[in-house]
Amino acid sequence: MHSKKVTKIGVLTSGGDSPGMNACIRAVVRTGLYHKLEVFGIVRGYSGMIDDDIQSMNSRSVANIIQRGGTILKTARSKEFLTHEGRRKAYDNLKKRGIDGLVIIGGDGSFRGAQVFSNEFDIPCIGVPGTIDKDIAGSDFTIGFDTAVNTAVQAIDKIRDTADAHDRLFIIEVMGRDAGYIALHSGISTGAEHILIPERRTDIEALLRSLQEKEKRQKLVNLVVVAEGDDFGGGNEVSRIIKERLPNVDIRVAILGHIQRGGSPTCLDRVLASRMGYSAVEALIEGRHNVMVGIVNNRMHYTPLDKAVKATQKISEEWMKIVKILAS
Ligand code: ADP
């Protein structure tokens, strides 16, 4: 626990953006104001802290943003923040305004930065997990995952319509460099025949055998959902090998890309962001420092920032069994 009482807090979004960040900014600002704190919005993450791009926020500054994707505070990656001189500049800018607490909405990289900064300059930092990948230890959900996965589901449903009309095999690449959650959830909920994820070694021979077998029994419409970080190399690579080995299969690739990061957040993400933003400010007021706010079993949970790292969870055999049985 931190002994000093916070009076002025800063909020920033950092690293990769995710839908729902605005709802979280709104919650931080309004909870802060409720507790009579002054609240500042720091623009473009740690870059804005270094460049002194810091604005005073009031209740109206966050009006009409809960439903908007992106982040009104912008986000960035900052090389300068990796250096002590950069962090010193950032600290000086906070100090001259009297900012004595920070809420950082971002991924594990942003939390690492917060941890280093806080250890050097004694500013309590509270992390809020905002990433579409849902791969942070210490929270069952992260802001943006539900929206991203639902965007993927809508797109895949549309692709299934056209795949069905032409009896085609579609390879659909979704986001997830290190984590396969978007692929797994969107694949199961669209009835994908195969789901390839970074957490499991891709057995391409088994995939080819299964496609051949399906062709024999006239199951001609097949969707394969591939996470971009799949060890076989993403959608284009999987398509290339199938074309090479099964030249008769009519195959198309769709890479969903950045649409998964945008759009209006779902109800689940808005509620999650509101709860987490509120709890982050409460945590600062209670004197906590260097923890990430998370939700575990539907309860608020605090994890030390250095433990809130990218978690490569094991995806159980059972999940893969479900995929196999339901897609037969
Ligand atoms: P994410 O938060 O989405 O994981 P990044 O990994 O790009 O995004 O991290 C965001 C920013 O956090 C980086 O651009 C950098 O400024 C800062 N950061 C990350 N790691 C460190 C570190 N070890 N020390 C200081 N700053 C860091």
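Thr147 sits in helix α5. In this predicted model, Thr147 is buried, at 3% relative accessibility. Beyond its neighbours within four places in sequence, Thr147 contacts Pro19, Gly262, Ser264, Pro265, Thr266 and Asp269. The chain itself splits into domain 1 (8-144 + 265-310) and domain 2 (146-261).

**Domain layout and interface**

- Domain 1 is made of two stretches, 8-144 and 265-310, while domain 2 covers 146-261.
- The C-alpha centres of the two domains, domain 1 and domain 2, are 35 Å apart.
- Contact between them involves 14 residues of domain 1 and 13 residues of domain 2.
- About 1,100 Å² is buried between domain 1 and domain 2, and carbon and sulfur atoms give 56% of that area.
- On the domain 1 side, Ile132, Asp133 and Lys134 lose the most area to domain 2. Together these three account for 43% of what that side buries.
- One salt bridge is counted between domain 1 and domain 2.
- Asp17 and Arg261 form a salt bridge, with 3.9 Å between their closest N and O atoms. The cut-off for such a pair is 4 Å, so 3.9 Å falls within it.
- Eight residue pairs are in polar contact between domain 1 and domain 2, both residues being at pLDDT 80 or more.
- The side of domain 1 that touches domain 2 has six charged, four polar and four nonpolar residues.

**Helix α6 and its cover**

- Helix α6 spans residues 181-189.
- Its buried residues are Tyr181, Ile182, Ala183, Leu184, Ser186 and Gly187.
- Helices α5 (145-166) and α10 (317-326) are among the elements that cover the buried residues of α6.
- Strands β6 (169-174), β7 (194-196) and β8 (222-227) are also included in that cover.
- Just after α6, Gly191 has a positive phi of about 70°.

**Two loop sites**

- Ser14 is placed in the loop between β1 (8-13) and α1 (21-34).
- Which class does Ser14 fall into, buried or exposed? Ser14 is buried, because its relative accessible area is 4% and the limit for that class is under 20%.
- Leaving out residues up to four places away in sequence, Ser14 touches Met21, Gly45, Tyr46, Thr75, Ala76, Ile105, Gly106, Gly107 and Ser110.
- Gly233 is in the loop between β8 and α8 (234-245).
- Gly233 counts as partly exposed, at 45% relative accessibility.
- Gly233 and Lys158 are 75 residues apart in sequence. Their C-alpha atoms are 24 Å apart in space.

**Salt bridges**

- The count comes to 19 salt bridges.
- Side chains of opposite charge can pair when their charged atoms come close.
- Glu38 pairs with Lys8 in a salt bridge, the closest N and O atoms being 3.8 Å apart. Glu38 is in strand β2 (residues 38-42) and Lys8 in strand β1, so this pair ties together parts that are 30 residues apart in sequence.
- Both ends of that pair are partly exposed: Glu38 at 39% relative accessibility, and Lys8 at 23%.
- Glu120 and Arg87 meet through their side chains in a salt bridge, at 2.7 Å from N to O. Glu120 belongs to helix α4 (residues 108-121) and Arg87 to helix α3 (residues 84-97), so the pair links parts that are 33 residues apart in sequence.
- Glu120 is partly exposed, with a relative accessible area of 32%, whereas Arg87 is buried, at 9%.
- Arg44 is partly exposed, with a relative accessible area of 29%. Asp51 is partly exposed too, at 47%.

Notes:
Residues numbered from 1 in each chain as written. Heavy atoms only, no water. Domains from an automatic or database assignment. Contact = heavy atoms within 4.5 Å. Buried area = accessible area lost by both parts, 1.4 Å probe. Polar contact = N/O pair within 3.5 Å; in protein donor to acceptor, adjacent residues only side chain to side chain. Nonpolar A, V, L, I, M, F, W, Y, C, P; charged D, E, K, R; others polar. Buried < 20%, exposed > 50% of the residue type's maximum accessible area, 1.4 Å probe, protein only. Helix = DSSP H or I, 4+ residues; strand = E, 2+ residues; numbered from the N terminus.
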